[in-house]
Each structure stands twice: as C-alpha cells, then as structure tokens.
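Please open the structure in a viewer and have the selection tool ready.

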Amino acid sequence: RCSRDWSSDVCSSDLVDVKNESAPTQGPLAGLRLIEFVGLGPGPFCAMLLADMGAEVIRIHTKNGKPSLDLLDTRFDVMARGRRSLAINLKQQGAIELMLALIAKADGLIEGFRPGVMERLGLSPEVCFKHNSRLVYGRMTGWGQVGPLAHAAGHDVNYVALSGALHAMGNDPETPPPIPLNLVGDFGGGGMMLAFGIVCALLEAQKSGKGQVIDAAMTDGTALLTAMFRGFKDGGSWKAERHANFLDGAAHYYDNYRCADGKYVSVGAIEPKFYALLREKIGATDAAFDAQDDQTQWPLLKKKMAAIFITRSRDEWCALLEGTDACFAPVLDWDEAVTHPHNQARQTFITIDDVVQPAPAPRFSRTPAPTPGSVASAGQHTDEILRDWGIDEKIVEACRSVNAI
C-alpha cells in the first residue's frame with residue numbers, strides 16, 4: 001500500500017494495491033453497523049459508499065441462490081468490496097428469528113426488493129422496529145413504495161425517462177435519446193440518494209432515538225438531479241427540445257471534438273474570459289467567433305471549431321491546452337483514465353486483488369476512508385459475523401440444524 005498524506009498532490013506509487021479483508025476501523029462512519037440484503041445496481045452501490053466510509057456493512061446472500069452478478073470471478077464485482085457476507089435461506093425455519101436478532105444490533109438496513117417482498121418475508125419495517133426502534137430502514141426501488149407504477153418491473157432507462165431527464169439528452173433531436181449508461185438513475189438518482197438519506201436518518205436518530213423508513217425511488221432521485229434545468233426552463237433560459245441549449249452540446253464552446261488521430265477532446269469554455277483564452281490558444285481568429293452567445297450562429301461556429309480541432313492529434317491539443325483556463329480535457333478511455341498524471345497524483349484509482357477500480361470518495365482530512373477490502377464470496381463470513389455480532393448460540397444452532405445457514 002502506498003502511504004500518503006491526502007493533503008499532498010504527489011504519491012510515490014501510481015496505484016494502491018491491497019488485500020484487506022478485515023472489517024473497517026477508520027473513516028467518518030466507523031462504528032456504524034448496517035445490514036445489506038444483496039440485490040443489483042443501486043443497492044450495492046449505496047452499501048459500497050457507506051462501507052467505503054468505514055461503516056461495517058454485512059451482506060445477506062440467499063443461501064444456494066444465484067450470484068448477484070454473473071461474473072466468472074467475484075473479484076470483479078467491485079460494488080461488493082469491503083463487506084463480509086452471511087448466507088441464509090430466509091424461507092427456512094428459524095431464519096427470520098436469526099435475522100431479527102441481527103437487526104436488533106444494527107444501526108441501519110438496506111433492501112432493494114419490489115414493494116411487499118420484505119413484508120412477505122416477515123421483515124417489514126413495523127416488525128423490525130419492534131426489535132430495534134432506532135433502526136434506519138433504507139428501501140431502494142425504481143418507482144417508489146407507492147404510486148401507480150410501484151409494483152411494475154423496470155430498469156434505469158425507464159426511471160430516467162419518466163423523470164424528464166432522458167428527453168433532454170443527446171445531440172440529434174431527430175433520433176431517440178442515447179442511453180446514458182446507468183449512471184443517472186441507478187447510481188446518481190438511486191444509490192447515492194439512498195446513502196444520503198441513510199446518513200441523514202442516522203444523524204436524526206442520534207437526537208430523537210427513533211428510526212424511520214427511507215423511501216428512495218430512482219424516479220424521485222433523478223428528478224432531483226434536474227433541479228437546475230427545471231429552473232432554467234421556467235426562467236426562459238432553457239428550451240424543451242434537445243440539442244438547443246448551452247449545456248446539451250448545441251453550443252460550439254461546450255462540446256466534444258474529433259482530432260486528427262481519431263481521438264476526442266472536450267471543451268467547456270462557457271465564461272467569456274475562458275472562451276477568449278480558448279480562442280487565443282487554438283487560433284480561432286475568425287470574427288464569426290465573436291458571436292459566442294448568438295444561438296443562430298452556433299451550427300456554423302461548431303463546424304468552424306471542428307475544422308480547427310481536426311488539424312492536430314489529441315496529444316498535441318493536450319500539450320497546448322491541458323492545465324490552462326481554456327476549460328479543456330482529453331476524452332479518455334477506461335485504461336487511459338487510470339494512467340493520466342492527475343488521476344495518478346490523486347490516487348483516483350486503486351487496485352484490489354489485481355482489479356483496478358475507483359478509490360473511495362470524497363476525501364476527509366481528519367478521518368480518512370479505509371482502504372476497501374476484498375470482495376467476499378456468498379456466505380464466506382457467516383460464522384464470524386454471528387460470533388462478532390453476539391447472536392444467541394441457540395438461535396444459530398436452530399438454523400444450522402435445518403441447514404438454513
């Protein structure tokens with residue numbers, strides 16, 4: 001492991017490489033205990049964020065069930081890092097009693113099933129609160145716990161579509177909106193919002209002594225991400241159609257451009273002084289560029305800008321523009337991002353068990369996040385979790401006798 005002072009900008013190693021399976025003992029959330037019912041996408045992402053910050057999060061896997069991701073090697077299930085795993089058959093006799101014994105000792109719970117599943121299992125919020133009145137009960141769904149669509153199946157693209165965000169994305173208004181990976185719904189509007197909600201509820205519980213349910217819906221969270229654009233729209237400075245606004249790729253000064261080597265660069269010179277510097281650096285002396293905010297001129301200016309960037313390779317443009325106030329960055333692929341000097345200096349990426357992955361974020365000056373531990377296989381830590389959490393041996397043996405754990 002590379003030991004470094006996070007206030008410094010230099011590290012002697014490009015990537016941190018560790019093998020650490022112990023429960024976290026540092027970080028701003030150290031000392032908190034949470035239970036994660038293993039699911040897909042936003043639930044594990046939320047749990048990863050909390051574990052990255054030092055919370056002890058145990059994963060509840062379905063005994064003899066299918067893995068959460070169809071991977072040949074669990075090492076590649078990056079969002080499962082840093083947590084121990086307990087495998088249990090929740091439909092077997094005694095299993096719910098054991099789970100309630102764990103819940104009684106937890107600060108929070110994360111579940112991402114369809115509405116009603118936890119209730120049918122016998123682990124509804126009402127039942128759990130009877131065993132732990134301080135419990136923070138986090139529920140992650142696409143549509144929410146209530147509403148006409150609450151029980152319908154869906155995925156990220158559906159939730160982003162319903163929020164209004166998807167309609168605004170893309171450079172060609174004559175074609176369907178592009179798929180923005182699943183960053184917007186699953187992770188930004190989903191898992192990250194649930195993590196925020198859980199931390200808020202944990203802080204409130206310290207004052208009130210009472211837990212509560214967090215209903216985190218990806219439609220709600222994604223809609224919240226569009227707050228600025230909603231304001232722009234109602235204020236008359238944002239058009240409803242795609243590719244007609246200064247932040248959606250319509251403006252020549254805020255877009256990506258192809259270079260001579262087939263690679264791309266990004267420019268985002270919105271402010272006049274940054275726009276002026278960009279023009280100076282790239283040699284955009286044509287007087288037509290003076291009409292920066294004249295939207296009727298944007299299509300022409302975009303062609304002129306593209307004609308300039310196509311004359312040099314991406315690396316040549318980097319040598320000229322990177323690190324200046326021209327608001328410039330190269331468009332990097334997955335591997336290039338890892339080796340970029342800025343990301344190396346900040347250790348933005350680390351390696352765990354030979355798998356390159358993003359480091360925990362954000363960073364804390366006094367309570368730095370622990371280095372994430374390895375990805376556990378299902379049920380790898382069942383015995384030690386039950387021992388460490390002090391679960392009554394009679395309850396454990398009752399489950400073991402019927403092969404529930």
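Begin by selecting Cys327, which sits in the loop between H11 and S10; helices (H or I, at least four residues) and strands (E, at least two) are DSSP runs, numbered from the N terminus. Cys327 is not a glycine, yet its phi is positive, about 60°. With a relative accessible area of 28%, Cys327 is partly exposed (buried means under 20%, exposed over 50%, and partly exposed in between, with a 1.4 Å probe and protein chains only).

This is a predicted model, in which local features need pLDDT of at least 70, side-chain atom pairs count only at pLDDT 80 or more, and totals for chains, interfaces and linings use all residues. Residues are numbered from 1 along each chain as its sequence is written, and side-chain values use heavy atoms, leaving out hydrogens and water.

Next, select Phe328 in S10, opposite which stands Val267. Strand S9 (residues 264–268) pairs with S10 in the antiparallel sense over three bridges; two strands pair if DSSP finds at least two bridges between them.

Now display the open sheet of three strands, ordered S8-S9-S10 with antiparallel pairing. Its edge strands, S8 (254–258) and S10 (328–330), each pair on one side only.

Finally, move to Pro362, in the loop between strand S12 (355–358) and helix H14 (382–388). A cis peptide bond, with omega about 0°, joins Ala361 to Pro362.
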